[in-house]
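Please open the structure in your viewer and keep the sequence beside it.

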Amino acid sequence: MKRILLASVALLMAFASCTDLDDRLDDKIPIDKFPENDDQAALMIVPVYRPMQDFLDWGGWWFCQELTSDEVVCPTRHTDWDDGGKWRVLYQHTWDNKTEAVASMWSRFYNGIVEANRLIEVFNPENADLSALEEGAAKTVAKLKIMRAFYYYLLIDNYGDVPYVTTFKNAEQKPSKTPRATIFQNIVQELTESIPYLDNSTSKTSVTKGMAWSLLAKLYLNAEVYSGTPMWKDAENACDSVLALGYSLEADPLAPFITNNQNSPENIFTIPYDEDTYHGFNLHMRTLHYNNNLTFDMSVGPWNGFAVTEQHYNTYSDNDKRKSGYFLVGQQYTSSGQPITDEVAGTPLVFDPHIPALVMDASYTPQEIRMSGARVKKFEIKLGAKDNLSNDFPIFRLADIMLMKAEARVRQGLNGDDWINPIRERAGLSALTNATLDDILAERGRELFWEAHRRQDLIRFGKFNQAWWEKPASDPSRKTFPIPQWVIDSNENLAK
């Protein structure tokens, strides 16, 4: 499916290049003539997925989920990685509505919504109930509504109250904000109404029952944050619906993240990156040292920036398979086993998990500046890796669903051990008895590290505004990001 989607993107780009961009697709192709089959329908809705390609890079979403948390940091390394403070303000919760990552997410989410609204009106111009549509059209419209709900989930999770627009032709030019709780209720309803029209597809890169039920589980799990009313039993039930679909844990905790992970039975919904044709996965470039190209026979030199915080690194015990699997520490070696030297520092390249300061100026040693912080290799960096990886990035995977079920049960006063312990045991750890919420949050941190869950988890557990290393306690208003200034400049209604 990964290759099919990439081919579809290429075909759409070719189609767009020879088409007058002022022409409306629905003006030129009657709905009773096209699409003629499911493959053509899938091709038409590819643009709805396109904004996700930017999530790990300049779309800002990954940065806002990880760099605002207690597990990932981008220290200033003398003259490198200060970048006007754009990474530091995320970590220290001092961003504003002009901060690059905060400003970038908005357009990606709404680009997906606009495409969904447009295509829903192509396939369902009369705005009929799904039950009144022909089977193929009903399935396609259901997928589009679920993707629209996905983007609105990201919007209310990150920004709170936002414009809620579900039409294309009749959309307001300057809509006002809709309360977060109202949007939450609307998208939950749309999901529950749409899921029955999905077939039993096993795709991991498009809307399936697994993806839709996972999204619904996330909404229910965070319902108290979004609406003020907890919905733990509903969250557990939605998790059960995912669990019934036949996904399974990999035996190796690193298997969901290998280069060729498109068929992992654990991954549910992924972004299908490709080193040549679907760029956007370059987090390895941001974390590896300049000379780690020798470790992986890379043709490009990495940028020596992001690292795991020492506090998070220390949450892994030495017998946890994920510790050695996720992180690079100590002396670094070439692919042939020769020790690497940092020529600028004039010493062996040795990663130390300890980072002495968030801003390391010239008063720090070259070793501290260039080698501080354990680096991340959770997603396999194959020999010969390029500046973009081909690993698919999981938005939803089974281990997350199992931990969500454990949490939902414990919050109901029930036992969640059966759902957290398989993940711990896979990592080589002993089983827990009567796991607490603190146990679950800690396990979520270890298992889901680097997968853009931590900000949301810390908010749900009431810990996001606490102080941690180099970050003072922050105001509760920081649980959401401000609407970008460029958006307010174009719509004064959103300044209210």
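Begin with everything selected. Among contacts (heavy atoms within 4.5 Å) between residues at least 6 apart in sequence, 71% join residues at least 24 apart. What you have on screen is a predicted model, where local features need pLDDT of at least 70 and side-chain atom pairs count only at pLDDT 80 or more, while totals for chains, interfaces and linings use all residues. Residues are numbered from 1 along each chain as its sequence is written, and side-chain values use heavy atoms, with hydrogens and water left out.

**The whole protein**

Switch to a cartoon view and you will find 21 helices and 12 strands; these are DSSP runs numbered from the N terminus, with at least four residues of H or I for a helix and at least two of E for a strand. The radius of gyration is 23 Å, close to the 23 Å that the globule rule gives for 496 residues, so the protein is as compact as a globular protein of that length. That radius is taken over C-alpha atoms, and the rule is 2.2 Å times the number of residues to the power 0.38.

Of the 496 residues, 56% are buried, where buried means under 20% relative accessible area, exposed over 50%, and partly exposed in between (1.4 Å probe, protein chains only).

Now select residues 393-397, which form strand S12. How many of its 5 residues are buried? The count is 5 of the 5, so strand S12 is largely enclosed by the rest of the structure.

Look for Ile 271, which stands opposite Phe 393 in S12.

**Two backbone stops**

Here is some background for the last two stops: most residues other than glycine have a negative phi.

Go to His 78, in the loop between strand S2 (76-77) and helix H6 (88-91). His 78 is not a glycine, yet its phi is positive, about 60°. Is His 78 buried or partly exposed? With a relative accessible area of 42%, His 78 is partly exposed.

Finish at Ala 452, in the loop between helix H19 (437-447) and helix H20 (454-460). The phi of Ala 452 is also positive, near 70°. Ala 452 is buried, with a relative accessible area of 7%.

Key:
Pairing = 2+ DSSP bridges.
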